[in-house]
Amino acid sequence: MENLWFEVCSRQKIDQNVSQEWLGKILNNYSQDERVYHNQNMFLQKEKYLRERKVNDCVILAAIFQYYIFDPKKDSQVENCQAFRDFLAAAKVDNDNLEKYVTKLLGENNAEDMEGFQDDAQFLQDLDLAILGGTPEEYKNYTELLQKEYKYLNTEAYKSTRLKILKTFLTIPNIYSTNFFRERLEESARRNIRKEIEELKV
């Protein structure tokens, strides 16, 4: 994450002291004990796709701030949009287009039409689901860590909720919206999901 962050900050001409300070905040948040899955290891898995696809800086920034704050009990998109704005303010970046584009990627309701946005939004969504198409070992590790993050749910409640989500994935024509991920991960994701469904039913 560090190298990717500094590369983006350099391209955006962010003051080094500000970029270093905010990297510290980001790493601190991603390193919180309760974040068993949504942490730096998760982002490391995402980073390989961000680099392979050679996405723009808006997508990278959105991917980083998407889980700047994470709470399994609620949606934190408002807080994460504000965190991104705080970062821009600290960096004295006066770029309205950048702010609107990234916060829209983060889920803020913005009716403004932005060129290329739909493709970037779909990539970001698929990036979040990339782990579904991981190797059997990666997927097993992911499911074990994810359940630990949702420890406030008892076992039966977790299984019931998880089963509903997984079954929904299998009812749609494609799990991944982009060809980039569909060609790489669609088949393996469906295999992994089917296997987990069978395990949860036991």
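Helices (H or I, at least four residues) and strands (E, at least two) are DSSP runs, numbered from the N terminus. The structure is a predicted model, in which local features need pLDDT of at least 70, side-chain atom pairs count only at pLDDT 80 or more, and totals for chains, interfaces and linings use all residues. Residues are numbered from 1 along each chain as its sequence is written, and side-chain values use heavy atoms, with hydrogens and water left out.

**Exercise 1.** Determine which elements the chain contains and how its radius of gyration relates to the globule rule.

*Solution.* Step 1: the chain has 10 helices and zero strands. Step 2: read from the N terminus, the order is α-α-α-α-α-α-α-α-α-α. Step 3: the radius of gyration is 18 Å, close to the 17 Å from the globule rule for 202 residues, so the chain is as compact as a globular protein of that length. Here the radius is taken over C-alpha atoms, and the rule is 2.2 Å times the number of residues to the power 0.38. Step 4: along its principal axes, the C-alpha trace spans about 55 × 35 × 30 Å.

**Exercise 2.** Locate Asn-39 and state whether this residue is buried or exposed.

*Solution.* Step 1: Asn-39 sits in the loop between α2 (16-30) and α3 (40-53). Step 2: buried means under 20% relative accessible area, exposed over 50%, and partly exposed in between (1.4 Å probe, protein chains only). Step 3: Asn-39 has 12% relative accessibility and therefore counts as buried. Step 4: a polar atom of the Asn-39 side chain lies 3.1 Å from the backbone oxygen of Arg-35. Step 5: for the chain as a whole, buried residues make up 46% of the 202 residues.

Notes. Polar contact = N/O pair within 3.5 Å; in protein donor to acceptor, adjacent residues only side chain to side chain.
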